[in-house]
Amino acid sequence: MSITYLEAIREAQYEALRHDPAVFLYGQDIATFGGAFKATKNLSKEFPGRVFDSPISEDAMIGMAVGAAVEGARPIIEMQFADFSSVGFNQIINQAATLYWRTNVPCPITIRMPSGGTAGSGPFHSQSMEAIYAHYPGLVIVTPATVEDAYWMLLDSVTLNDPVIYCEHKFLYYHLKADQIGERSLPIGKARIARPGRHATIVTYSAMVHEALRAAEELQLDGYQIEVVDLRSVKPMDTDTILASVARTGRLLALGEAFPWGGVTAEIIARVSSEGFHLLDAPPMRLNSKDTPIPYHPNLWKSHRPTTATIAAALRRLLRY
Amino acid sequence: MLSVSLAETTTCSETDLTADFRDQFLLTYQHMLLSRVLEEKLGSLYRAGGRIVGGVYLGKGQEAFSAALGVQLRKGRDIYGPLIRDQAGRIAFGEPIIDTVRTYLGAVTGPMRGRDGNIHRGRPKEGHMAMISHLGSMLAVVAGGLFARRLAGTLKDSIGATSIGDGGTSTGAFHEGLNMAAVERLPIIVSVANNQYAYSTPNTRQYACANLVDRAAGYGVEGVAVDATDLAACLKVFRAATARARVGGGPQMIVGSLLRLAGHGEHDDASYVPDKARKDPAARDCLAVAEQFTLDHGWMNEAEIRELHEEVRRNVDQTFSKVSKEPTPDPFKENWQALSSADLVEGQHEA
């Protein structure tokens with residue numbers, strides 16, 4: 001008996017619906033059909049009148065969630081793909097993110113964003129939006145990389161009295177399995193040491209955690225012990241854990257699947273450079289996707305995003321310095 | 001292209017003028033007058049300079065249309081998402097004018113505490129949504145409140161209402177929100193004040209249908225057109241629309257025709273509005289029309305109207321005088337936290 005990352009997301013929503021009558025689900029094709037990825041499979045049957053198909057109206061979907069939250073509801077909104085949240089961007093950053101600051105009324109909504117690339121998905125079904133949303137005050141951005149985090153961080157997101165952008169990685173949906181969900185470990189806001197090491201630190205999140213772990217395995221063959229920090233939430237970013245890791249290793253590689261300009265990896269470098277410059281034995285390094293739209297064909301796609309091979313190559317450069 | 005509107009404009013006849021109607025007319029007229037006097041004061045403070053930071057956006061000419069909707073709503077039961085030119089509607093809904101003044105002057109005692117200003121104010125927990133500047137986006141928010149109440153079983157006969165202008169109907173948010181409200185068949189009133197100009201852009205550059213109310217059919221919602229300078233007609237239309245919504249009639253789109261009698265904001269002299277438009281019946285001042293209607297029907301005499309003006313002026317002056325002594329925000333006392341979960345605010349942890 002094992003459970004996938006995707007099933008954990010479904011189970012968390014089941015639990016949220018079961019636990020709190022204020023929770024409801026709203027999204028495209030999520031009711032009887034069970035969602036484009038089946039993340040809400042059977043939930044409309046199990047919770048009649050609480051799981052709704054929405055029109056293809058990302059702006060209105062988020063706007064309605066904000067209004068519902070004011071009335072005490074705790075909506076979970078499914079974006080069919082994170083890419084389409086750009087249509088609801090205004091309601092996310094101007095309505096949801098500013099509500100508490102402006103009016104003192106909390107906005108407990110969770111927006112699920114199927115994120116990141118899978119082969120053959122192309123420019124509009126592959127994007128990672130976490131940096132865009134992290135830029136705006138008033139939002140919490142979580143990026144679970146494990147089955148356990150997919151489950152517990154979704155439940156924690158629904159409980160939180162603030163808007164949460166829940167970035168679930170599509171590549172992990174079926175590939176990532178665990179024997180069971182396991183106990184809750186860390187709260188939102190705390191990073192996790194996914195692999196301890198002492199020669200260099202990779203700070204990363206979401207699906208790239210697994211690429212980083214594979215690269216660390218590869219480097220181990222050469223006698224290097226690479227520490228991998230899984231951010232879990234990119235905002236808030238657990239700067240303390242990052243700095244503590246860099247203090248142990250003296251070398252930093254910030255790794256992300258998103259586009260290279262600005263973003264989460266730049267933020268990591270900025271924080272370590274300004275707060276932990278004295279800890280560094282080498283210039284901090286970043287690895288991101290290429291600065292083009294995300295390509296369709298697998299040959300191109302595999303070269304567009306960081307892979308175990310490119311991460312290992314970057315680590316070797318970092319260790320040679 | 002449909003060149004002739006299918007819509008007929010609703011008017012008020014003598015048979016509509018029941019005692020109850022008269023009472024609501026006079027109450028609404030008082031809200032309109034209070035709004036006008038308050039806004040004149042805001043305008044003069046803006047022109048004097050210094051006290052008001054940022055813009056001043058007035059609803060002159062739109063008071064009848066705005067207040068005729070607000071007065072149908074019950075604060076504490078209904079949800080109201082007003083827009084820029086709804087000072088009169090907000091008063092009619094039950095917002096005290098001190099909230100307006102405190103927000104314009106940035107007093108920490110006000111609902112926005114200096115964090116937001118002027119027309120961007122509300123008390124969401126009291127059903128008064130605080131508009132953001134992005135037009136069309138409040139429609140879905142009001143709809144969401146109603147949706148949540150329906151789920152919780154607390155909707156009963158409560159309704160929502162939100163306002164927009166001719167320009168705002170061109171946004172995707174307006175379309176998405178109204179379509180969603182129609183799909184969910186929510187009890188929401190969408191009032192469209194067609195004041196002919198979106199900032200400086202005339203109707204001819206805004207839409208291509210004969211009358212905006214013709215769009216209602218496309219959304220599958222009820223649509224009614226009204227002369228927005230005629231308070232009696234506005235009251236008749238909004239009374240009927242809110243009554244229909246309360247008993248399950250779904251969204252109601254009301255389009256009022258008028259002319260904005262101010263600039264987009266007080267920084268704008270509206271020189272782009274041609275004289276011809278200003279001489280059109282749509283450019284009538286709804287407050288003067290309402291006063292004449294009151295006199296014609298013997299509901300008030302001229303002395304009573306004068307006295308009312310004086311009383312309203314005193315009320316407004318006293319409110320400004322009180323608020324001007326209140327504290328403005330202190331950046332050192334501000335907590336600078338955009339999240340309600342204080343433990344997740346960045347930079348708050350101990351290094």
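Two strands count as paired if DSSP finds at least two bridges between them. The legends below describe close-up views of a predicted model.

**View 1. Strands E6 and E7 of chain A.** E6(A) and E7(A) run parallel and are joined by three bridges. Within this pair, A:Val142 has A:Tyr166 of E7(A) as its bridge partner.

View 2. Seven strands of chain A make up an open sheet with mixed pairing, in the order E3-E2-E4-E5-E7-E6-E12. Strand E3 (51–53) and strand E12 (233–235) of chain A are the edge strands, each pairing on one side only. From one strand to the next, the twist averages 20°. H6(A) packs on this sheet, where it touches strand E2 (23–27), strand E4 (74–78), strand E5 (110–115), E6 and E7 of chain A. The direction of H6(A) makes about 165° with that of E7(A).

**View 3. Domain 1 against domain 2 in chain A.** The domain assignment divides chain A into domain 1 (3–178) and domain 2 (192–320). Taken over C-alpha atoms, the centres of the two domains of chain A are separated by 26 Å. In the contact, 25 residues of domain 1 of chain A meet 21 residues of domain 2 of chain A. On the domain 1 side, helix H5 (130–134), strand E6 (140–142), helix H6 (147–159) and strand E7 (164–169) of chain A each supply at least two residues. That side of domain 1 of chain A has 14 nonpolar, nine polar and two charged residues.

**View 4. The contact between chains A and B.** Chain A gives 35 residues to the contact and chain B gives 34 residues. On the side of chain B that touches chain A, the elements giving two or more residues are helix H5 (137–152) and H6 of chain B. H5(B) provides the largest share of that side, 11 residues. By class, the side of chain B that touches chain A holds 17 nonpolar, 11 polar and six charged residues.

**View 5. Helix H3 of chain A crossing helix H6 of chain B.** The axes of helix H3 (residues 58–70) of chain A and helix H6 (residues 172–183) of chain B come within 8 Å and cross at roughly 65°. H3(A) is therefore roughly perpendicular to H6(B). The crossing of H3(A) past H6(B) is right-handed. H3(A) makes the contact through A:Asp59, A:Ala60, A:Gly63 and A:Met64, and H6(B) through B:Gly172, B:Ala173, B:Glu176, B:Gly177 and B:Met180. Four of the residues in this contact of H3(A) with H6(B) are nonpolar, three are polar and two are charged.

Note on methods
Residues are numbered from 1 along each chain as its sequence is written. Chains are lettered from A and ligands numbered from 1 in the order in which they are written. This is a predicted model: local features need pLDDT of at least 70, side-chain atom pairs count only at pLDDT 80 or more; totals for chains, interfaces and linings use all residues. Axes are lines fitted to C-alpha atoms, for helices over the stretch in contact, and angles run from 0 to 180 degrees between N-to-C directions. Helices (H or I, at least four residues) and strands (E, at least two) are DSSP runs, numbered from the N terminus. Angles under 35 degrees count as roughly parallel, over 145 as roughly antiparallel, 65 to 115 as roughly perpendicular and the rest as oblique. A crossing is left-handed if the near helix is turned anticlockwise from the far one by less than a right angle, and right-handed if clockwise. Two residues are in contact if their C-beta atoms, placed from the backbone, lie within 7 Å. Ala, Val, Leu, Ile, Met, Phe, Trp, Tyr, Cys and Pro count as nonpolar, Asp, Glu, Lys and Arg as charged, and the others, Gly among them, as polar. Domain bounds come from an automatic or database domain assignment.
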